[in-house]
Amino acid sequence: MNFDFTEQQQQIAQQATSLAQSLDLNDIARRDLAGEFSKPLFRQLITQGVGNWLMPKNLGGDDLNASELCAGIESLAEHCEDTGLIFALSAHLCACIHPIRAFANEQQQLHWLTKLQQEAWLGAHAITEKGAGSDIYAMSTSATKEQTKFVVNGHKHYITNAPFCDFMVVHLRTANKGNYFDFSTFIMQSSELGIRVSQTPHSKSGLRTTAMGDIHFEQCELPEEALIGRLGAGAPIFQISMEWERVCLFALYLGQMKRQLHKTAAFIQSRSQFGESLSEFQAVQHQLSDMYLNYESARLLLYKAAWSLDKGDMSGVSSALAKIAVSHAAISNAQMAVQLHGAQGVLSGDIERMLRDAMPSAIFSGTSNVLKNNLSTSILKRFQANWL
């Protein structure tokens with residue numbers, strides 16, 4: 001068993017490091033307080049190489065697998081203090097670009113992926129509604145077939161990137177039979193008639209430099225070509241999108257934790273109390289050890305989940321384990337980092353911002369409690385089948 005990065009992973013990680021270090025983040029404190037997403041920085045990342053990561057090889061792209069994408073996102077987040085920017089980028093890649101790559105037909109890929117890369121368009125993945133969060137089968141926003149078009153009506157809420165998106169991948173109800181095939185997936189420009197996107201982002205405690213907003217559809221007419229995959233195939237498309245999001249997007253928290261560890265280790269060695277370095281106190285040593293243990297344990301589970309995705313495992317078990325472990329580690333480590341930094345830990349800056357940015361990780365892409373319910377069901381089935 002080899003835990004080293006492959007040559008491709010190393011190249012992607014090095015590319016991501018260089019890209020992250022080239023970003024001008026001098027205004028991150030101001031943008032965080034203002035809740036301001038930087039579309040210019042997003043475009044810079046896309047145009048300087050990240051836009052190629054999930055592009056198919058026949059369109060000149062890198063066609064990265066999950067393990068390779070994790071390496072890139074982890075390195076971006078390690079060297080970029082704007083976690084909200086990396087979150088917005090990762091959501092764009094995992095929940096918008098990957099579904100097009102995986103499920104769109106050849107003509108759709110050529111049309112959309114070429115445009116998205118050349119013009120550095122930002123995507124939003126719209127599924128959540130006020131009454132349909134974890135319970136996606138309660139979704140009511142619908143697309144009704146009328147001759148050669150679909151008419152969309154309804155509302156999507158709490159959508160990442162919505163206020164500044166150029167296009168969106170949307171999951172809509174297309175039937176009412178009460179089964180798995182009631183939903184379909186569509187792609188559209190945000191400027192389509194009948195679409196109204198909230199221009200003022202929601203004010204959030206964490207990930208403030210990621211814009212979140214609402215999308216309203218009123219008699220929005222879409223051509224048949226807007227349908228990704230077959231009619232009624234929305235549920236599996238959504239499921240696979242979430243698998244990639246729960247694994248690859250969460251690599252950004254590995255990068256954040258690594259950056260956090262470096263800063264915390266440097267601080268406790270430079271700070272003295274009672275005539276000794278903080279690093280000499282056993283309680284401090286134990287906390288630093290716990291932080292490193294959390295990081296390494298979460299990282300092992302996440303890269304195992306990425307390896308499972310690349311093998312075609314869509315059971316949801318590995319991704320759920322990884323997502324729960326990474327979110328728990330990110331929150332726990334951020335709390336310890338704040339404590340170890342003392343007063344400096346609660347002053348505005350990267351340390352306290354990492355705590356705020358970590359808190360939503362247990363909620364989005366499936367709450368930890370819901371994922372534990374799903375895990376329990378899978379575990380019991382595996383015991384019954386003597387599979388564990």
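At 7% relative accessibility, R259 counts as buried, where buried means under 20% relative accessible area, exposed means over 50% and partly exposed lies in between, with a 1.4 Å probe and protein chains only. This residue lies in helix 8 (residues 251-270); helices (H or I, at least four residues) and strands (E, at least two) are DSSP runs, numbered from the N terminus. The model is predicted, so local features need pLDDT of at least 70 and side-chain atom pairs count only at pLDDT 80 or more, whereas totals for chains, interfaces and linings use all residues. Residues are numbered from 1 along each chain as its sequence is written, and side-chain values use heavy atoms, with hydrogens and water left out.

**Annotated domains**

- UniProt, in an unreviewed entry, lists "domain: Acyl-CoA dehydrogenase/oxidase N-terminal" for residues 6-117; UniProt positions are given in the numbering used here, feature names are shortened, and annotations may be inferred rather than shown by experiment.
- Residues 6-117 are 71% helix and 0% strand, and the end C-alpha atoms of this span lie 26 Å apart.
- The annotation "domain: Acyl-CoA oxidase/dehydrogenase middle", also from UniProt (unreviewed entry), covers residues 124-220. In that span the chain is 0% helix and 47% strand, with 17 Å between the end C-alpha atoms.
- For residues 232-379, UniProt gives "domain: Acyl-CoA dehydrogenase/oxidase C-terminal" (unreviewed entry). Here the chain is 78% helix and 3% strand, and its end C-alpha atoms are 29 Å apart.

- The side chains of R259 and D350 are joined by a polar contact of 3.0 Å. A polar contact is a pair of N or O atoms within 3.5 Å; within protein, one must be able to donate a hydrogen and the other to accept it, and residues adjacent in sequence count only if both atoms are side-chain atoms.
- Leaving aside neighbours within four places in sequence, R259 is in contact with A77, E78, C80, E81, T83, D350 and M354, contact meaning heavy atoms within 4.5 Å.
- E74 is placed in helix 4 and counts as buried at 5% relative accessibility.
- A polar contact of 3.2 Å links the side chain of E74 to the side chain of Y295. Not counting residues up to four places away in sequence, E74 touches F5, A251, L254, G255, Y295, R299 and Y303.

**Helices and their surroundings**

- Helix 1 (residues 7-22) has 16 residues, which at 1.5 Å a residue should span 22 Å; its end C-alpha atoms are 23 Å apart, in agreement. The expected span is 1.5 Å times one less than the number of residues.
- Q9, I12, A13, A16, T17, L19 and A20 are buried in helix 1. The elements covering the buried residues of helix 1 include helix 3 (39-47), helix 4 (66-79) and helix 9 (282-310).
- Helix 12 (residues 350-358) is largely enclosed by the rest of the structure, because eight of its nine residues are buried. These are D350, I351, E352, R353, M354, R356, D357 and A358.
- Cover for the buried residues of helix 12 includes helix 2, helix 5, helix 8, helix 10 (317-341) and helix 11 (343-346).
- I28, in helix 2 (residues 28-34), is buried with a relative accessible area of 7%. Beyond four places in sequence, I28 touches E81, D82, T209 and R353.
- I28 and T83 are 55 residues apart in sequence, and their C-alpha atoms are 9.9 Å apart in space.

**Nonpolar cores**

- L76, F167 and L302 touch the most other members of the largest nonpolar core, which has 87 residues. Helix 5 (residues 83-103) gives the most to this core, with eleven residues.
- A nonpolar core is a set of buried Ala, Val, Leu, Ile, Met, Phe, Trp, Tyr and Cys residues joined through side-chain atoms within 4.5 Å.
- L76 touches A16, L19, A20, L45, V50, W53, I86 and L89, residues up to four places away in sequence not being counted.

**Strand pairing**

- Strand 2 (residues 142-146) and strand 3 (residues 149-160) run antiparallel and are joined by five bridges; two strands pair if DSSP finds at least two bridges between them.
- E146 stands opposite K149 in strand 3. Strands 2 and 3 form a hairpin with two residues between them, and Q147 in the turn has a positive phi of about 60 degrees.
- Strand 3 also pairs with strand 7 (residues 212-223), in the antiparallel sense and over nine bridges. Here H155 stands opposite H216 in strand 7.
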